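Dear colleague,

Please find the structure handed over below, with its sequence.

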Amino acid sequence: MHEDLITENGVLVSYTGGEHSVTVPEGITAIGAGAFKGMAWITDITLPEGLTEIQENAFKGCRKLERINFPDGLETIGDLAFHRCHSLVSVLLPDSVKALGKGTFLFCDSLQTIRAFGVKRLEMQTFANNTGLCEISLNSGIDCSNFMKDVFTGCLGIKKINLSI
C-alpha cells in the first residue's frame, strides 16, 4: 500500500512515487533528511499524528508544495527543511515546535502568513527572502537575540506582527 515510502525504524527515509498529493502513514515519527528533496511536482503533504521531527532538507525544493499540515506533538524542524517551497502560502505550527533551524522557510516567496506561538528561537535566515510574507504571529517571549542574523531579511511586505500574551 505504501511501497513508494521507504522507512527505517519509524523514519521516512525517501519517497519514490510520483503522486501530487502524499499522505504519510501513521507510525512514522520522523521525516528523514532530504526525504522529499527536489520533488517539485508534489502539491500537498498530509503528515500523521505522532510525527515529532522533520529533519534538514526534508522538503527542500518542493517548489509546488502548497499545503502541509503540522501535527500536534511535532517538536523539531531542521535546517532548510522547506527551503525554496515557492508555492507554500500559510504555515500554522503547533505550540509543541519550540525552535526553527537555519533557513527553515528560506525563499518561500509565496508565504503570506506564519503562526508559530510555541517557537522560542529562530535561527539564521529562518524566513529570509519571503517577499510575500505579510503577517507573522510569534510568542511574546521569543529570543530576539538572533534577529540580526538575517531572520527576516528580504521580507519587505510584513504589515502585521502578532505576539502571544
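Ala58 is in contact (heavy atoms within 4.5 Å) with Ile31, Gly32, Gly34, Ala35, Phe36, Lys37 and Ala81, once its neighbours within four places in sequence are left aside. Ala58 is found in the loop between β6 and β7, where strands are DSSP runs of E with at least two residues, helices are runs of H or I with at least four, and both are numbered from the N terminus. With a relative accessible area of 0%, Ala58 is buried; buried means under 20% relative accessible area, exposed over 50%, and partly exposed in between, with a 1.4 Å probe and protein chains only. The C-alpha atoms of Ala58 and Asn130 are separated by 19 Å, and the two residues are 72 apart along the chain.

Please note that this is a predicted model, in which local features need pLDDT of at least 70, side-chain atom pairs count only at pLDDT 80 or more, and totals for chains, interfaces and linings use all residues. Residues are numbered from 1 along each chain as its sequence is written, and side-chain values use heavy atoms, with hydrogens and water left out.

The chain as a whole

The protein chain has 14 strands and 0 helices. Its radius of gyration is 15 Å, close to the 15 Å that the globule rule gives for 165 residues, so the chain is as compact as a globular protein of that length. The radius is taken over C-alpha atoms, and the globule rule is 2.2 Å times the number of residues to the power 0.38. Along the principal axes, the C-alpha atoms fill a box of roughly 45 × 25 × 20 Å.

Of the 165 residues in the protein chain, 45% are buried. Among contacts between residues at least 6 apart in sequence, 25% join residues at least 24 apart.

The chain carries 14 positive and 19 negative side chains, and the centres of the two sets lie 10 Å apart. Lys and Arg count as positive and Asp and Glu as negative, while His and the chain ends are not counted. The place of a charge is taken as NZ of Lys, CZ of Arg, CG of Asp or CD of Glu.

The aromatic rings

The structure holds 8 aromatic pairs. Rings of Phe, Tyr and Trp (its six-membered ring) pair if their centres lie within 6.5 Å; planes under 30 degrees apart count as stacked, over 60 as edge-to-face and the rest as tilted. Phe127 and Phe152 form a stacked pair, at 5.7 Å centre to centre and with 15° between the planes. Phe127 lies in the loop between β12 (121–122) and β13 (135–138), and Phe152 in the loop between β13 and β14 (160–163), so the pair ties together parts that are 25 residues apart in sequence. Phe127 counts as buried, at 0% relative accessibility. Ring pairs link Tyr15, Phe36, Phe59, Phe70, Phe82, Phe105, Phe127, Phe147 and Phe152 into a cluster.

Residues in strands

Ile45 lies in strand β5 (residues 44–46) and is buried, with a relative accessible area of 3%. Beyond its neighbours within four places in sequence, Ile45 is in contact with residues including Phe36 and Phe59, both of which belong to the ring cluster. The C-alpha atoms of Ile45 and Phe59 are separated by 10.0 Å, and the residues are 14 apart along the chain.

Ser21 is found in strand β3 (residues 21–23) and counts as partly exposed, at 41% relative accessibility. Leu5, in strand β1 (residues 5–8), is buried with a relative accessible area of 9%. Not counting residues up to four places away in sequence, Leu5 touches Leu12, Ser14, Tyr15, Val22, Thr23 and Pro25. Leu5 and Leu138 are 133 residues apart in sequence and 34 Å apart in space, C-alpha to C-alpha.

Backbone angles

Most residues other than glycine have a negative phi. Asn57, in the loop between β6 (53–54) and β7 (67–68), has a positive phi near 60°. Arg84, in the loop between β8 (76–77) and β9 (90–92), has a positive phi near 65° and counts as partly exposed at 29% relative accessibility.
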